[in-house]
Number of protein chains: 2
Amino acid sequence: MFDDLLDANARYADDFQLAKLQPQAARQFALVTCIDSRIEPLAALGLVPGDAKILRNAGGRVTDDVLRSVAIAVAGLGVTRVAVMHHTDCAMAASTEALRAELAQTARGELGDVELHAIADPDVSLLADVEILRSSPLVPADLEVTGWRYDVTTGRITTVVGAPNRAED
Amino acid sequence: MFDDLLDANARYADDFQLAKLQPQAARQFALVTCIDSRIEPLAALGLVPGDAKILRNAGGRVTDDVLRSVAIAVAGLGVTRVAVMHHTDCAMAASTEALRAELAQTARGELGDVELHAIADPDVSLLADVEILRSSPLVPADLEVTGWRYDVTTGRITTVVGAPNRAED
C-alpha cells in the first residue's frame, strides 16, 4: 500500500541535500494552516526547508493541539511570529451538522461529542482563532500573530487580522 | 513583522501554477508528521501539490485534533491510506517534566494541565499513535495505517509499524 511512496523516498535520500539543517526555525516563523493538498506552505511564502515550523490540521483552526505545538515552537525552536492562514473553498466551511453527516458515512463507530471546528463564517472563525492564540497562557505576551486568507485559485494571501494596536494593549 | 513573507507571496501569486488543482487528494494519501522545519513532506515522498493531505503538530502525535482531521480527509477528500511519520532528533523526545520546565520559561501564564504528548520512547510512542488511529471510531475499519521514522540526517524513511496481519483482525 505504501511502496510507491517508500520507493520515491529512497530516491530522495540518495540525493539528500538537507543534512546540515538545524532544528531552530531560521526565519523565526510558524504557520498554522489547513491540510488542504492545494497549499504548498513554504513555496507560497518564499521559504525553504529550515526556515519555519508548519502546523496543519483540518481548517487551520487554533485547537488545543495547535496551542501546544506553537508553545513548543516558541519555547525551544526560535519562533517569535505566527500566521494563522485559512483558505478559500475549504471543506470545513460547512455546518457542523453537514460535516457530522458526512463523517458518519465512513466512520466505523459513533462520532460521539467530537468537536469538528466547522467554519460557519470565515472572517469570524479566523478572528476567533487569532484571538485564542494571542490570549493563550501558553505563549508569551509579545508573540506576533496575524490572520491570513489564502486564495486557492490565485495563490494570493490577504491579511484579514493585522497587528493589534499595541497602545491599547 | 510579516512583510518579508507577504512580499514573497506576491511574487509567488504573480506566477501561480496551481489554479487547476482539485480538493481531493490525488494519491489518496495523508501524512501525519512533525512541525520540524527540516522535513519537506512532499519532496521526501515524491509527491506534488494536489497529491496528499499533510497534517503536522509537535511530534507528529495522533491527538484528538489529528483524528478529527484524518476523519475529514477520509470522509470527504479521498484519503484511504495514512502514514504517521515521527523523526530522529525530535524536540518532543524528552521527559514531560523537562518540556514543562522549558515552556514555563516563555509562557505568559500557568501551563495548567496541558497534555504535552512528550515522546518517552520513540518506538513505543509511534506504535501507540498508529494503534490510536487504527482503532478510532471516527475512521473506517479498512483505513490503511503505517508508522514511519524519518532520519533528519539522511532523509531516509524506515517502516517501524507495518501493515497488520489482516487474518488476525
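A search of the whole structure finds 20 salt bridges over all chains, a salt bridge being a side-chain nitrogen of Lys or Arg within 4 Å of a carboxyl oxygen of Asp or Glu. Between chain B and chain A the count is 6. This is a predicted model, in which local features need pLDDT of at least 70, side-chain atom pairs count only at pLDDT 80 or more, and totals for chains, interfaces and linings use all residues. Residues are numbered from 1 along each chain as its sequence is written, chains are lettered from A and ligands numbered from 1 in the order in which they are written, and side-chain values use heavy atoms, with hydrogens and water left out.

**Salt bridges**

- Side chains of opposite charge can pair when their charged atoms come close.
- Arg27(B) and Asp4(A) meet through their side chains in a salt bridge, at 3.0 Å from N to O.
- Arg27(B) lies in the loop between helix 1 and strand 1 (29-34) of chain B, and Asp4(A) lies in helix 1 (residues 3-14) of chain A, so this pair joins two chains. Helices (H or I, at least four residues) and strands (E, at least two) are DSSP runs, numbered from the N terminus.
- Arg27(B) counts as partly exposed, at 25% relative accessibility. The classes are buried for under 20% relative accessible area, exposed for over 50%, and partly exposed in between (1.4 Å probe, protein chains only).
- Asp4(A) is also partly exposed, with a relative accessible area of 32%.
- Asp4(A) forms a salt bridge with Arg81(B) as well, at 2.9 Å from N to O. This pair crosses between chains, from helix 1 of chain A to strand 3 of chain B.
- Arg81(B) counts as buried, at 6% relative accessibility.
- A network of salt bridges links Asp4(A), Arg27(B), Asp51(B) and Arg81(B).
- Within chain A, Asp36(A) pairs with Arg38(A) in a salt bridge whose closest N and O atoms are 2.8 Å apart. Both residues are buried.

**Interface of chain B and chain A**

- The size of an interface is often given as the accessible area lost when the parts come together.
- Here the buried area is about 7,200 Å², and carbon and sulfur atoms give 60% of that area. Buried area means the accessible area (1.4 Å probe) that two parts lose on being put together, summed over both.
- On chain B, 92 residues are in contact with 92 residues of chain A. Contact means heavy atoms within 4.5 Å.
- The rule finds 45 residue pairs in polar contact across the interface, both residues at pLDDT 80 or more. A polar contact is a pair of N or O atoms within 3.5 Å; within protein, one must be able to donate a hydrogen and the other to accept it, and residues adjacent in sequence count only if both atoms are side-chain atoms.
- Elements that give two or more residues to the side of chain B that touches chain A include helix 1 (3-14), strand 3 (81-87) and helix 4 (96-106) of chain B.
- Helix 3 of chain B supplies the largest share of that side, 10 residues.
- By residue class, that side divides into 51 nonpolar, 20 polar and 21 charged. Ala, Val, Leu, Ile, Met, Phe, Trp, Tyr, Cys and Pro count as nonpolar, Asp, Glu, Lys and Arg as charged, and the others, Gly among them, as polar.

**Cysteines**

- The structure holds 0 disulfides over all chains, a disulfide being a pair of cysteine sulfur atoms within 2.5 Å.
- Cys90(A) is in no disulfide, and the nearest cysteine sulfur, in Cys34(A), is 4.2 Å away. Cys90(A) counts as buried at 10% relative accessibility.
- In chain B, the sulfur of Cys90(B) is 4.1 Å from the closest cysteine sulfur, in Cys34(B), which is too far for a bond. Cys90(B) counts as buried at 10% relative accessibility.

**Chain A**

- Chain A has 5 helices and 5 strands. Their order from the N terminus is α-β-α-β-α-β-α-α-β-β.
- The C-alpha trace spans about 50 × 45 × 30 Å along its principal axes.
- Of the 169 residues in chain A, 54% are buried.
- Among contacts in chain A between residues at least 6 apart in sequence, 65% join residues at least 24 apart.

**Gly50(B)**

- Gly50(B) lies in the loop between helix 2 and strand 2 of chain B. At 7% relative accessibility, this glycine counts as buried.
- Leaving out residues up to four places away in sequence, Gly50(B) touches Ser37(A), Leu21(B), Gln24(B), Ala25(B) and Ala26(B).
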